[in-house]
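This report examines two residues of one protein chain and then turns to the chain as a whole. Please consult the sequence and the structure while reading.

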Amino acid sequence: MAIKKILLLFLIFFLITNDISAEIKSLKNNKTNVRLGPDISYPIKWKYKKKYLPVKIIDKHYNWRKIKDFENDTGWIHISQLSNKKTVISIEENVLVFSKPTIFSRPVKKLSQNYSLILKKCSGNWCKVKNKNVIGWVQKDKLWGKFSNQ
């Protein structure tokens, strides 16, 4: 009976830590094929057409990674298409970018949903982000991706 309890606790611990330790990468190129399985022989499920899109690694098979995006869509990508660059994506429409990490500062830009940004740093509930069109601070709960503590 004690062995069953230990195995059950180990299984629960493994499941919890496995999800917490999931890696987040970003797409390296503007066009990335997502496949049904971990090989070039599998058909293309869809194509991403956005560089720096953050994706969560949920499984590995040799040089292939099963990914999940912010919409919970899953598929397989070759590791050559992934980057370690810390990126985030806006998960709502009309997300404001501020000049400082406070809502009382000057708004710099209004972002559309699914807007990709490079993460510079996070401080409390705010993240400093940038891309070629904007640099500023966004509330962390309006973003999905790789934050500093990951």
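Lysine 25 has a relative accessibility of 17% and therefore counts as buried, since buried means under 20% relative accessible area. The model described here is a predicted one. Within it, lysine 25 belongs to strand S1, which covers residues 24-27.

The surroundings of lysine 25 can be described in terms of its contacts. Leaving aside residues up to four places away in sequence, lysine 25 touches Leu53, Pro54, Val55, Ile57, Leu82, Ser83 and Asn84. With asparagine 84 there is also a polar contact between the side chains, at 2.2 Å.

From C-alpha to C-alpha, tyrosine 62 and histidine 78 are 9.3 Å apart in space, and in sequence they are 16 residues apart.

The two accessibility values are set out below.

| Residue | Relative accessibility | Class |
|---|---|---|
| Lysine 25 | 17% | buried |

What does the chain as a whole contain? The protein chain has 14 strands and one helix. It consists of 150 residues, of which 34% count as buried. Its accessible surface comes to about 9,600 Å², and carbon and sulfur atoms account for 53% of that surface. Among contacts between residues at least 6 apart in sequence, 51% join residues at least 24 apart.

Note on methods: Residues numbered from 1 in each chain as written. Predicted model: local features only at pLDDT ≥ 70, side-chain atom pairs only at ≥ 80, totals over all residues. Heavy atoms only, no water. Helix = DSSP H or I, 4+ residues; strand = E, 2+ residues; numbered from the N terminus. Buried < 20%, exposed > 50% of the residue type's maximum accessible area, 1.4 Å probe, protein only. Polar contact = N/O pair within 3.5 Å; in protein donor to acceptor, adjacent residues only side chain to side chain. Contact = heavy atoms within 4.5 Å. Areas by Shrake-Rupley, 256 points an atom, 1.4 Å probe, with all protein chains shown as cover.
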